[in-house]
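Work through the exercises below with the sequence and model at hand. Each task is followed by a solution in steps.

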Amino acid sequence: MEGYRPSGLKEALEMRKKTGAVPYAGGTDLVVKYSADSGTPLDFGKPVLFLSGIKELCALREEKDCISIGSAVPMSALVKNPMVPPLLTRALLEIGAPGIRNLATLGGNICNASPAADSLPVLYILNAVCIVQSLEGIRKIPIEEFIVNPGTTVLKDSELLTEIRVERGSFSAEEFRKVGTRRANALSKVAFAGCAAVDKGRINDIRIAYGAAAPRVLRSREIENKLKGILVSDLKAQENAVLEDYNTLLSPISDQRSTEKYRRKTALRLLQWFFEKLAV
Amino acid sequence: MNTIQKNVLREDAPDKISGSSRYIQDIALENMIYAKTIRSSQAKAKIEKIELPEVPPGYSYIDFHDVPGVNGVSMINDRYPVFAEDSVNYIGEPIALIAGPDREVLRDFVSKVKITYSPQEPVFSLDKVSDDRIFNQYSFTKGDPAEAFTKAKSIIEYTYRTGYQEHMYLEPQGMIAEYTDNRITVYGSMQCPYYVKTALQHAFAWPEDRFRVVQTTTGGAFGGKEEFPSIIALHAAVAAYKTGKPVSLVYNRREDVEDTTKRHPSIITYKTGIDENNRIAAMDIHVTLDAGAYEGLSGVVLQRALFAAAGTYEITNLRISGKSVQTNTVPTGAFRGFGAPQAFFGIEMHMQHCAKALGEEPLDFKRKHLLTKGSSTATEGKIHHPVVMPEMIEGVKILSDYERKKKNCGKRVDGQIYGIGCSLFFHGCGFTGSGERDKIKAKVRLRRREDHQIEILIANVEMGQGPQTTLKKVVSQAAQVPLTRIVFNNPDTDKVPDSGPTVASRTAMVVGYLLQCAGEELFSRREEKGELIIEKQYVQPDFIVWDQDTFKGDAYPTYSWGVNVAEVGIDPVTMEISVDKIYGIYDIGKALDKDIVRGQMEGGIAQGVGWATIEVMEQQKGAIAQSSMTDYIIPTVQDLPEIILDFIDNPYEFGAYGAKGAGEIPLVGAPPAVASAVENALGFRIHKIPIKPEELLEAQQNDD
Amino acid sequence: MTIKFSLNGKEISIDTDPGRRLLDVLRDDFHLTGVKEGCGEGECGACSVFLNGKLVPSCLVLVGSISGGKIQTIEGFRNTERYAVLSQAFHEAGAVQCGFCTPGFVMAAEALLRENPDPDEKEIRRGISGNLCRCTGYAMIVEGIQKAAAVLNREGDNGRI
């Protein structure tokens, strides 16, 4: 396999355009995907572009109305940085284990686009925008448009995901819950992210997203809008209708980790649990 | 002799901590080549055609044609082929090897092998089994159960199921074989060097002196390296013989999870007749084990399961029967507990269910039926030794504050649904039945060298469980010689007698006792000059009476005993189980080293907790669905309870310094304690492990 | 691809397929067999090394990505005084059974203690949550790390380590 180690973003974009080389930041998903026998080299079928040294991909900035996270910043650095919204930190701490988090990146988690990726539900409710660059220019793509299918994004062969911009997110309530196969170092059976801005008993903003419950992260602004403006005390009355709404959208699968029934039912129970937390 | 229990620092630890210990994957011999296994993709099929890519120069294709003698791996019988011939019986069955210097070339070769199969109808079901699928079938009766059932006031019948368990030793299996000076030498990760040697002799059909087997530092085994290594050893050895080069055959993790032995899944049915005093009048128990495609050790696993199926209870009228069944799945085999974990899950849950059906408190109900010294066992043998279970039960109740905490079952404690449950269990020490006397005939040797070092020469291996420390302590104490003068190297069949396999919780008790005797003789002969070699051979204690044909008498010379209490919390939203605390009190005769015994208990409980909860392994049409470390989930440090232990001394006169078996019993007791606790938390019957949140949710919904 | 890096304090330059796993380069080219292969999927932690001072599973690192980096394996770390403390603590705590997972745990413990010299039990458990052990049930390993932390902190006060 050919390998390139560009020293800066421009050179990286040039290599990408020229060869369609596979972007490799932390590499943890790639190495597992293309795993080979002990003692034998991996082959991605294309050249590989090693990105971890590129400064432009490793910045973490506070902007006026958002936080900008470099796509190649290791997750372990993100979880230590107070700039990162706490809900995102919570989700990242559920990914892998300390050693893996020293390699894994947000860029990788997004581009791998697994339906079970743990950062995604939080990124969806923080209205993440993917900054994608090529030699031709910059595209700003909301995350729900960036990921189209399990394992598939709109990233072109000539592009790199360079930054992820998320809302700063100040909510009166925020929860992230991952139901994994065990307590640590686990893949998700189903994940829930929810946040709300409640003021004087009224829900001004509410956002809900599910991971591992559908081919892509499930977030419905339509359902959220129905809940905006209502009193927390009225949530209970609306609950069954809301659950039914989400139930129609959920499409979990049965696999070696869990069953469709469990994922569906637990997803709905997690929403009830969230509503109960709001009511407190 | 209390000082022996005091823990000493393990001598093997520093090299292990520093990474200097060499496991089989770390060893490279000169001119060594690698081998990769070509495996069946079909659960049951005839092999019509194998089309190979061109075999590059310097590479060798090895299959059943290259086995010099008999294409059979000697276990109980030799019907497990070394390499499949014209048919395959499970996905992953080895068909051939490709061997050579470059692993990339091997990988490429295997990917291009084209096998044409005629698929046949595979079988997976354990229900309605035709006779030709039964490998082993046994039954025995005590008293008159038929009569007792007719007189019973009520009859309670339930069925219990347990799933696979994968050993997941951290060190994958592997062997290196070489053929030099007309001899085959095999190095590798194993529990039983002489099993491997016997298998080599049988398949090659050469005399025994042409084989040498050397154990390398073994990174965990738990039964998974009891019989399976014979297969890898044969593969590597045949390849070494054919190529004339040393051959390394080390499995990768996925291969190890998919294609090596696992714990037998089981279905156990209980039918219990209750008399007018609410006591058990009769029991009829049937055990079915899934043996996978080949029999392997299934007959012995089944025997142990049958002898444990009535648990720690004295049942006057008893019928126990069982069978091991062939399915077209990866063959199952030895795993810590060896049939007892399945049986104890069954009997302990059943006793709890009977108690509840009768409105009795489970622990009290169990106590009423306990075996005691002099009791007649399930096989109409005798409990020859004191049984301290009543004291252990009282002890664990105090230790765990059981009576008070019971009242919280089903209530919310710290946001979780609380449950507490218990289990009572034993483990028959040593080889089942007459194996020790008739098959193993263990021999040990102590060699006092000219330099006054004393060498322990036995075939038993260190695989983490500590014999390289505990047995040295035994000899040190017996020969009255400082520990630093005792040597115990990894066994080499050229140098050590056959003291039997490292299995069945027999090492400290049986082999240790022989070493104690040898050591004591060494002490009595300490004035003699020069090199001294003392050999001792197993003699069966004469109180043991056993008939292997009728399964009547003392199935084991003695038993270790245990009680467990488990506390769990169930998350009301997700139904995830948190095992918070396990209390265990054990009678293992005598602990030969406090730390080593603690390590065995905590490690065994961890495996029991895992098997009962998160270790899910299922097969779909013969393919293992959870076939990697990512998908087959073993506990991390975050997944295990706090463990509180205590021990009661109850020395056994024919165990080293009173020691009985300790290695397996901790795994046996944990699952039913956890399952009882979950049941007590949620209120519906648990009859199956692993206990999956998916199934708890379903059961809860059905309840509603 | 030519890859330059520092390995246990020594400057190295190799010309190799960048798609090779760091684990294989360390074990096969440099005979650093203290770095074990337990799973090849980043699950077990037995292959843990320090990359630029950070704990990583070397089975998930392609050698092409470590250019200009600093690698320390157990073979490098075991020559230090901090290792001596950890090793003694593990030994005394009875934390070693089959030993295959142990070097990985030592590396994870060191990574934890470098960052958090006085961790509570919860933090220790989180720090080693990426290392699997099948023999011990972990409690004695946690105690070993607690022992080591206590000693390192004492000696740290004296400025010796």
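**Exercise 1. Domains of chain B**

Task: State which domains make up chain B.

Solution. Chain B is divided into domain 1 (28-121 + 181-250), domain 2 (266-432 + 552-617 + 631-703) and domain 3 (435-537). The bounds come from an automatic or database domain assignment.

Before going on, note the ground rules. This is a predicted model, in which local features need pLDDT of at least 70 and side-chain atom pairs count only at pLDDT 80 or more, while totals for chains, interfaces and linings use all residues. Residues are numbered from 1 along each chain as its sequence is written, chains are lettered from A and ligands numbered from 1 in the order in which they are written, and side-chain values use heavy atoms, with hydrogens and water left out.

**Exercise 2. Domain 1 against domain 3**

Task: Describe the interface of domain 1 of chain B and domain 3 of chain B.

Solution. 
- Step 1, distance. The centres of domain 1 of chain B and domain 3 of chain B, taken over C-alpha atoms, are 33 Å apart.
- Step 2, residues. Domain 1 of chain B brings 19 residues to the contact and domain 3 of chain B brings 16 residues. Contact means heavy atoms within 4.5 Å.
- Step 3, area. The two domains bury about 1,400 Å² between them, with 49% of it on carbon and sulfur atoms. Buried area is the accessible area (1.4 Å probe) that two parts lose on being put together, summed over both. On the domain 1 side, B:Gln191, B:Tyr194 and B:Gln215 supply 44% of the area buried against domain 3 of chain B, more than any other three residues.
- A salt bridge is a side-chain nitrogen of Lys or Arg within 4 Å of a carboxyl oxygen of Asp or Glu. B:Arg212 and B:Asp494 form a salt bridge through their side chains (3.6 Å, N to O).
- Step 5, elements. On the side of domain 1 of chain B that touches domain 3 of chain B, α4 (193-204) and β11 (211-215) of chain B give two or more residues. β11(B) gives the most, with 5 residues. Helices (H or I, at least four residues) and strands (E, at least two) are DSSP runs, numbered from the N terminus.

**Exercise 3. Chain C against chain A**

Task: How many residues does each chain give to the contact of chain C and chain A, and how much area is buried?

Solution. 
- Step 1. Chain C gives 30 residues and chain A gives 29 residues.
- Step 2. About 2,300 Å² is buried between them, 60% of it on carbon and sulfur atoms. C:Leu60, C:Leu62 and C:Ser65 supply 22% of the area that chain C buries here, more than any other three residues.
- Step 3. The count is 2 salt bridges between chain C and chain A. A:Lys80 and C:Glu115 meet in a salt bridge (3.1 Å, N to O).
- Step 4. β4(C) provides the largest share of the side of chain C that touches chain A, 4 residues.

**Exercise 4. Chain C against chain B**

Task: Which residues of chain C lose the most area to chain B?

Solution. 
- Step 1. The contact joins 44 residues of chain C with 51 residues of chain B.
- Step 2. The buried area is about 3,800 Å², and carbon and sulfur atoms give 55% of it. C:His91, C:Gln97 and C:Arg134 lose the most, together 22% of what the chain C side buries.
- Step 3. The rule finds 5 salt bridges across this interface. In one of them, the side chains of C:Arg27 and B:Asp26 meet (2.8 Å, N to O).

**Exercise 5. Backbone**

Task: Describe the peptide bond from B:Ile689 to B:Pro690 and the phi of B:Asn31.

Solution. 
- Step 1. The bond from B:Ile689 to B:Pro690 is cis, with omega near 5 degrees. B:Pro690 sits in the loop between β29 (688-689) and α17 (693-703) of chain B.
- Step 2. B:Asn31 is not a glycine, yet has a positive phi of about 65 degrees. B:Asn31 lies in the loop between α1 (13-18) and β1 (33-39) of chain B.
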